[in-house]
Structures are given as C-alpha cells and as structure tokens.
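Here is a short report on one protein chain. Keep the model open as you read.

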Amino acid sequence: MGKASFVVRRTLQLVVTLWAVGTVLFGLFRLMPGDPTSYVVSSQMTQEARRQLIESYGLNDPLYIQYIRFLENLVVLNFGQSFHSNQPVTDIIATYLPNTLVLMLTAFVIAYAIGITLGVLSGWYRGSRFERSTVITALTARSVPTFYVGLIVLWIFGATFGVIPMSGMTSLGTGGGSTGFLDMVFSVDFVRHLVAPAAVLAFYYMGYPLLIMRSSMLEVLSEDFIDVCRAKGLKERTIMFKHAARNALLPIITAAAIALGYAVGGSVLIETVFAWPGIGREMVRAVLRRDFPVAQGTFIVLATTIIFLNFLADLAYGYLDPRVTYD
C-alpha cells in the first residue's frame, strides 16, 4: 500500500470516527435526565408561547428527525443556537477556544522544553542521583491530579501570599474585554493571570516527554555510532546533544501531536479551578444547564482536535522514520 492509499484510508477512518463521536454525543445528551427546556421556558409564559419557543428549537420533532438535522448541520459546521444565550454556538466556540489554546500551548511548550532537556540529562547520567530525582519528579507529576495541584497553588501563592491572581485571565477594570485579543494576550496583566495555570499544567505534562526521552536516550546510547563519536575525540556535550539527543527525538516528535490533542481536551479541570474562561469550562457549564447545542459543539471540537492530531501523528511516522511502511 502506497502513501496515497494510506492517506485516503486514514481519511475515511477519520470521517467514520467523527460520525461515531457525533452520534454518541447526540444520544448521550438526550438520555440525560431532566428537561433541557427548563432554562429557556419561563413559568410566566402562556402555553402557546412555550410551544412556539420549544418548536423554534426543534425539540418537539421526533428523535430521528432531530438526528438527521444534527448530522446535516454538522457537515456544514452549524452547531445551532445556544438554549441559554440564544447565540450561535460557533460564535461561542470562537470566543472561548482561543483562550484555551493560549493556555494549553503555553503549558505545552514549557513542559516539552523542560521535559526533553531533563530526559536527555537523566538518560545520559544513568544511575546517578540526578536520574533518580528526575524520574521521581516525573512520576509524581503524572500521578498527582492537576486540580489538586492547582488548588494548592491557589491556596499558597494566591490566598496566603497574594502574588498571583485568584481567578480569570484579566483583572477588573483593565479593559480586557474592550481591547483586541492580541493586545490582551501581550499585556502584563494577562501574563500574571497566565503564569499559575500554565505552570500547573506544564508540571503535569512535563512527565510524559521526560520519561519518553529518557527511555529513547538509553536506547540510542547503546548504539555503535556513540562509540564511534567518542573514538573521534568529540566532546561529551557534543555527543550528548548533537548526536544522541538528536536521534532520540523521533518518539518525542511523533508523540507530541497526540499529547497536544489530549492537552487541549484536558483543559476542563484546570479552567474550572482557575476560573479561566476557556472552552473546557464553558463545556462544563453547558452540560450543567443542559444546553445541548453548546455542549455538543464544544465536545465535537475537542474530539475533532484529538482525532485530527492523531491523524497527523500517523502521517509523521512515515516521513520522520524511513523504516515505517504502509503495508
């Protein structure tokens, strides 16, 4: 099987996976107990007004009609109107998704920069106290829940010492909502709010690249070309970073796409703890108030991100590692 056939087959699998995710989400939200119209229908409305409002949302149609309409809208990226705010769901996603991406990408870059460096050093200095300390740190980072670490950080550095903001991504009165998004992102006030949640997430994500890089380094250091480099009289630092670390990076590069997808999807807890106005927090709020369109739209966006980045990771294997075949 050639590369073109592999890409076509994986694209079809991606489409089927997205259809399955959308179908499951459609069913789950309609199996939840409670009445989704309770948030949009007022007790003071007349029966006729209530009927017209429910009909305008299409909630009185048979379930299969709602499902067909849901799939048709999904193809054109129309997630409907929010029951709560009556805004288009695409506008809500466009408002909150950039906030999540800034937080996740900042934490991801910090985590991989530190994790890869520590992984290289721990693999190079195998058996040392430094290696044992870094491995324990990585395992601790992956084991402790992020919301627990976030609460401790807020308690110590926010409530006790007052050196970090307690919630949000801008302070009241700074004009964060009236200025442009880029102006807000590059402001000092935004950076102060970003530091704590990004650091907590980076601490959690750091363990993954650290452990992978350490294992990859141990494999590379057993190769013959490392002995050849030493026989040539190259400096140890040059061998470590230019030759060993460079060849050990392949698993990190291919795994990074998958990890990035899960990083964006795993924003729910940390955004809730730090009251960060991102898509994960909005998704939780939509589920609690049974706002079907917003909940479905945000879930689908996060699921699509993970699935698409997995797809890119599969393609990256073939381009980065010539040993990979498409049979």
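## Ground rules

Helices (H or I, at least four residues) and strands (E, at least two) are DSSP runs, numbered from the N terminus. This model is predicted: local features need pLDDT of at least 70, side-chain atom pairs count only at pLDDT 80 or more, and totals for chains, interfaces and linings use all residues. Residues are numbered from 1 along each chain as its sequence is written, and side-chain values use heavy atoms, with hydrogens and water left out.

## The whole chain

The protein chain has 14 helices and 0 strands. Its pattern along the sequence is therefore α-α-α-α-α-α-α-α-α-α-α-α-α-α. Of its 327 residues, 40% count as buried. Buried means under 20% relative accessible area, exposed means over 50%, and partly exposed lies in between (1.4 Å probe, protein chains only).

A contact means heavy atoms within 4.5 Å. Take the contacts between residues at least 6 apart in sequence: 74% of them join residues at least 24 apart. The protein chain exposes about 17,800 Å², and carbon and sulfur atoms supply 65% of that area. Accessible areas come from the Shrake-Rupley method with a 1.4 Å probe; for residues, only the protein chains shown count as cover.

Helix α3 covers residues 63–75, which is 13 residues. From first C-alpha to last, α3 reaches 19 Å, close to the 18 Å expected at 1.5 Å a residue. The expected span is 1.5 Å times one less than the number of residues.

Which residues of α3 are buried? They are Q66, Y67, F70 and L74. Seen down the axis of α3, the buried residues fall within an arc of 100°, so they line one face of the helix. The arc is that of the directions from the helix axis to the C-beta atoms. An α-helix has 3.6 residues a turn, so residues three or four places apart point the same way. On the other side of α3, Y64 and V75 are exposed.

## Two positive phi values

α3 is followed by L77, whose phi is positive, near 60°. L77 is not a glycine. Most residues other than glycine have a negative phi. L77 lies in the loop between α3 and α4 (89–124).

R290 also is not a glycine, and its phi is positive, about 55°. It sits in the loop between α13 (279–288) and α14 (292–320). Is each of these two residues buried or exposed? L77 is exposed, with a relative accessible area of 57%. R290 is buried, at 9%.

V153 is found in helix α6 (residues 146–160). V153 is buried, with a relative accessible area of 16%. Leaving out residues up to four places away in sequence, V153 touches G158, I164, A196 and V200. V153 and A196 are 43 residues apart along the chain, yet their C-alpha atoms are separated by 7.4 Å.

α6 also takes part in a nonpolar surface patch, giving the most to it with 5 residues. The patch is made by F147, Y148, L151, I152, W155 and L269, and has an area of about 620 Å². Patches are made of residues with over 30% relative accessible area and no salt bridge; like charges are joined within 9 Å, nonpolar side chains (Val, Leu, Ile, Met, Phe, Trp, Tyr) within 5 Å. A salt bridge is a side-chain nitrogen of Lys or Arg within 4 Å of a carboxyl oxygen of Asp or Glu. Y148 is found in α6. At 46% relative accessibility, Y148 counts as partly exposed.
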